[in-house]
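Subject: Structure handover

Hello,

Here is the structure I promised to pass on. My notes follow below it.

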Amino acid sequence: MIEQERLIEKAFLALEHAYAPYSGFQVGACIQTRDDHYILGANIENAAYGSTNCAERSAVFAAYSMGYRKEDLKALAVVTRAKQITTPCGACRQVLSELLNADTPIYLSNGIEVAVTNMKELLPAGFGADDLKSAN
Ligand SMILES: [Zn+2]
């Protein structure tokens, strides 16, 4: 099995753990670390909708909680069972632009097709730490 297929398969395992009673839209994510660990994340909804956490943020927050940093993260997969490939939402793009390297591969799959992208493509002119520094 090639590496990206294994990563996507693990993201689908995470999708099975999604807590999405309101939208019914289950999302799974998996981060592969450079020391070859796989860290899962699923979307976790809440009755106060704004408190919901997306799968890719769940995975990257878990990775950081375990002590990993962007240079330790090799690839991310985000999967759904939607009819079309789904890309990360705006909030996730903001978070991932800080917590992943700009060229870290991000595999997107709906179980039928796979697309690969990265944060350079998903948020090309995003706000970041350098913008804060420029004010001082
Ligand atoms: Zn999101």
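A pocket here is found on a 1 Å grid over the protein atoms alone, as an open set of points where a 1.4 Å probe fits, with protein on both sides within 12 Å along at least five of seven lines. Grid points are joined across faces, edges and corners, and the volume is the space filled by probe spheres set on the points. Lining residues have an atom within 4 Å of a point. This pocket has 15 of them, and Phe25, Val27, Asn43, Cys54 and Glu56 lie nearest its centre. By class, the lining splits into seven nonpolar, six polar and two charged residues. (Nonpolar covers Ala, Val, Leu, Ile, Met, Phe, Trp, Tyr, Cys and Pro; charged covers Asp, Glu, Lys and Arg; the others, Gly among them, are polar.)

Before going on, please note that this is a predicted model, where local features need pLDDT of at least 70, side-chain atom pairs count only at pLDDT 80 or more, and totals for chains, interfaces and linings use all residues. Residues are numbered from 1 along each chain as its sequence is written, and side-chain values use heavy atoms, with hydrogens and water left out.

The largest pocket

This one has about 290 Å³ of space. It is lined by 15 residues, and the closest to its centre are Ser97, Glu98, Leu123, Gly126 and Gly128. Helices H3, H4 (119-122) and H5 (129-133) each give two or more residues to the lining. (Helices are DSSP runs of H or I with at least four residues, strands are runs of E with at least two, and both are numbered from the N terminus.) Seven lining residues are nonpolar, four are polar and four are charged.

The zinc site

Which residues hold the zinc ion as protein donors? They are Cys54, Cys89 and Cys92, each through SG, at 2.2 to 2.3 Å. (Donors are N, O and S atoms within 2.8 Å of the metal, or 3.2 Å for Na, K and Ca; water is not among the atoms, so sites may look incomplete.) Along the chain, the donors follow the spacing C-x34-C-x2-C. Cysteine 54 and cysteine 92 link distant parts of the chain, 38 residues apart. Cysteine 54 sits in the loop between strand S2 (38-42) and helix H2 (55-65), while cysteine 92 belongs to helix H3 (residues 90-99).

Are these two cysteines buried or exposed? Both are buried. (Buried means under 20% relative accessible area, exposed over 50%, and partly exposed in between, with a 1.4 Å probe and protein chains only.) Cysteine 92 has 0% relative accessibility. Leaving aside residues up to four places away in sequence, cysteine 92 touches Cys54, Glu56 and Arg57. (A contact means heavy atoms within 4.5 Å.) Arginine 57 is 35 residues from cysteine 92 along the chain, yet their C-alpha atoms are separated by 6.2 Å.

Helix H2

H2 is mostly covered, with eight of its eleven residues buried. Among them are Ala55, Arg57, Val60 and Tyr64. The cover over its buried residues includes strand S1 (28-33), S2, strand S3 (73-79) and H3. Glycine 67 follows H2 and has a positive phi, near 100°.

The whole chain

The protein has five helices and five strands. From the N terminus on, they run α-β-β-α-β-α-β-β-α-α. The radius of gyration is 15 Å, close to the 14 Å that the globule rule gives for 136 residues, so the protein is as compact as a globular protein of that length. (The radius is taken over C-alpha atoms, and the rule is 2.2 Å times the number of residues to the power 0.38.) The C-alpha atoms fill a box of roughly 45 × 40 × 30 Å along the principal axes. Of the 136 residues, 40% count as buried. Among contacts between residues at least 6 apart in sequence, 62% join residues at least 24 apart.

Two loop residues

Aspartate 36 is in the loop between S1 and S2. Its phi is positive, about 65°, although it is not a glycine. Aspartate 36 counts as partly exposed because its relative accessibility is 48%. Proline 124 is in the loop between H4 and H5. At 69% relative accessibility, proline 124 counts as exposed.

Best wishes
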